[in-house]
Amino acid sequence: MSSDEHYKEIIRKEMAKLKKPVKLKVFTSQRTQADGSKIRECMDCGQFMTLLRIYEENSNGMLTIEEMSIDDNPELVKRYDISRVPTILFIDNEGKEVIRYLAAPQGAEIQPFIQSIFTFAGAPNYYETTIKQNLGRIQPTTIKVMMTETCPYCPQVITIANMFAIASGGKIKTVIIDISANPDIGQYYAAAGVPYTIFNDKKTITGMVGPNEILRALIGGDIHVSY
Amino acid sequence: MFPTDSLGFDPEKTYDIIVLGGGPTAIGCAIYAARFAMDVLIIGKTFGGLIATTHIVENYPGITSVSGPGFVEMFREHMQSLNISFISDEIGSIEKVDDHFVLHSFFQKFKASTICIATGSERKKLGIPGEEEFAGRGVSYCATCDGPFFKDKVVCVIGGSDSAAKEALFLAQNAKKVYIIYRGKEIRAEPINKKRVYENEKIEIIYDTNVAEIKGDNSVKSVIFDNGKEFEVDGLFIDIGSIPNSDLAKRIGVNTNEKGEIIINRKSETNIPGIFAAGDVADAPFKQAITGVAEGVIAAYSAFDHLKQMEIEY
């Protein structure tokens with residue numbers, strides 16, 4: 001089997017796990033030229049959209065990627081507060097934004113992205129029971145995770161944060177930020193290490209954090225394992 | 001391509017073996033356990049372990065050269081082909097109930113007939129003023145994570161091991177200058193990496209020197225050597241060895257040595273029947289991915305043997 005065939009086989013196997021329909025909104029800089037053809041000015045957008053379309057095509061209709069040009073959709077840009085491309089939005093059935101990517105996930109970042117799609121579509125979420133049990137202790141929180149493509153610990157932190165957000169019924173929102181593509185955001189938050197996790201623009205944690213530390217930051221206190 | 005995790009966990013099942021960890025040792029153990037038709041689950045804080053932070057792996061037979069993260073993804077794909085699930089969680093305690101173990105985390109309770117502790121090790125800290133204050137603001141323990149922030153800047157690597165040499169080589173790709181600061185008279189890197197360090201014009205080694213303090217304002221600006229000299233740097237990468245993650249093992253009565261490493265025999269057995277250990281957390285003198293994998297594989301076989309002897313259906 002060629003590496004291309006092997007790759008497609010894994011994608012098909014992966015996408016077969018998607019049991020419910022899921023739709024993502026992806027804002028890009030796609031422009032229609034005078035001759036009617038379309039180009040994307042954002043450097044990462046083209047390659048990333050090609051990858052997303054491969055997933056979409058192999059999902060038996062379960063995954064829909066709704067690409068929207070920021071030039072052609074000013075009302076939506078305003079409604080969803082889009083200021084960068086690409087921006088990917090996971091919006092739940094009630095219209096609440098759960099996950100925002102200011103990134104075009106590549107390489108190892110694909111894994112948490114796809115895992116988040118599955119969980120968003122109803123696949124088992126390991127953290128769901130505990131998050132729901134502790135919702136009363138969790139304040140509405142936006143978790144920003146700053147990452148770079150080469151960071152080996154970032155995929156793990158992103159997976160946990162996104163799964164927490166999906167389990168929280170809208171109380172937690174995540175914003176995943178590639179600070180190589182958005183260096184001004186990294187500078188604004190003075191990030192000099194990744195993963196860099198920020199809770200409501202106040203509490204910050206640099207480096208690998210596990211589910212216990214993230215939960216501890218969310219509930220503002222200690223957590224205890226009942227032995 | 002990176003397959004997804006954690007979709008196959010069964011909270012009601014008593015697993016034949018639960019492997020604690022997430023690095024090559026844990027994955028090697030789990031792969032063999034799966035091939036012995038044992039129900040296996042891996043639970044760890046992070047997938048990949050310390051090797052995920054390694055710039056390049058060149059000493060694993062069959063693989064000429066691969067990045068640390070690339071190496072880990074090869075493990076993940078192998079694991080997924082055997083339907084082995086990995087769960088990102090931290091076990092807080094383990095108790096023996098009848099003929100099995102119950103493992104508790106804040107999120108879940110797990111049951112297992114045997115356990116392999118492959119929790120690895122974590123980077124040692126210098127324990128000097130400024131280290132904690134500037135963590136994430138110029139002080140780092142992971143060059144592959146934070147190296148890109150120091151493009152065209154001056155950084156230093158503290159340590160003289162092979163791992164420190166590889167960190168310096170990785171950093172030299174982007175940094176303006178890399179100083180290796182080592183307390184000894186000659187770095188202890190593998191000869192191949194030592195040669196690369198010596199030949200790299202961006203890398204300079206400062207011998208017989210310890211860092212006593214880290215100074216700065218919003219970020220690191222300089223370090224103070226133990227001879228009192230102040231040395232200007234923009235970043236500091238600490239790689240002075242590691243300490244075994246054996247706290248949980250100690251709490252449940254597993255014997256450890258003076259370094260905190262779990263004492264195991266040739267069968268990767270600990271002093272508690274049914275609990276095995278392998279890799280960096282155990283007391284082997286030479287710690288490499290491949291030796292850890294070997295110990296993990298032996299642990300899987302010993303666990304398999306244990307189940308047979310205990311006449312536990314697997």
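Which residue in S7(B) is the bridge partner of B:Glu95? I looked it up, and the partner is B:Val102.

**Entry 1: ground rules**

I am reading a predicted model, in which local features need pLDDT of at least 70, side-chain atom pairs count only at pLDDT 80 or more, and totals for chains, interfaces and linings use all residues. Residues are numbered from 1 along each chain as its sequence is written, while chains are lettered from A and ligands numbered from 1 in the order in which they are written.

**Entry 2: the hairpin in chain B**

I went back to strand S6 (residues 93–97) and strand S7 (residues 100–104) of chain B, which pair in the antiparallel sense over five bridges. Strands here are DSSP E runs of at least two residues, helices are H or I runs of at least four, and both are numbered from the N terminus. Two strands pair if DSSP finds at least two bridges between them. The hairpin of S6(B) and S7(B) has two residues between the strands, and B:Asp98 there takes a positive phi near 55°.

**Entry 3**

Next I followed an open sheet of three strands, ordered S14-S15-S16 (chain B), with antiparallel pairing. Strand S14 (211–216) and strand S16 (230–232) of chain B each have a single partner strand, so one side of each is left without a neighbour in the sheet. Neighbouring strands are turned by 30° against each other on average, direction ignored. Axes are lines fitted to C-alpha atoms, for helices over the stretch in contact, and angles run from 0 to 180 degrees between N-to-C directions. S14(B) is joined by five bridges to strand S15 (residues 220–225) of chain B, and B:Glu213 stands opposite B:Ile224.

**Entry 4: chain A as a whole**

I then turned to chain A, which has eight helices and ten strands. Its radius of gyration (over C-alpha atoms) is 18 Å, which agrees with the value near 17 Å for a compact globule of 227 residues, by the rule of 2.2 Å times the number of residues to the power 0.38. Buried residues make up 43% of the 227 residues in chain A. A residue is buried if 20 or more other C-beta atoms, placed from the backbone, lie within 10 Å of its own, exposed if 12 or fewer, and partly exposed in between.

**Entry 5: the sheet in chain A**

I found eight strands in an open sheet with mixed pairing, in the order S4-S1-S5-S6-S8-S7-S9-S10 (chain A). At its edges stand strand S4 (63–69) and strand S10 (203–206) of chain A. Inside the order, strand S1 (residues 22–28) and strand S5 (residues 87–91) of chain A run antiparallel, joined by four bridges; A:Val26 has A:Ile88 as its bridge partner in S5(A).

**Entry 6: one helix, two faces**

Which residues of helix H2 (residues 43–57) of chain A are buried? I noted A:Cys45, A:Phe48, A:Met49, A:Leu52 and A:Tyr55. Seen down the axis of H2(A), they fall within an arc of 115° (taken from the directions from the axis to the C-beta atoms), so they line one face of the helix. The face turned away from that buried side carries the exposed residues A:Gln47 and A:Thr50.

**Entry 7: where the chains meet**

Last, I checked the contact, which takes 39 residues from chain B and 41 residues from chain A. Two residues are in contact if their C-beta atoms, placed from the backbone, lie within 7 Å. Helix H2 (68–81), strand S5 (85–88) and helix H3 (143–146) of chain B each give two or more residues to the side that touches chain A.
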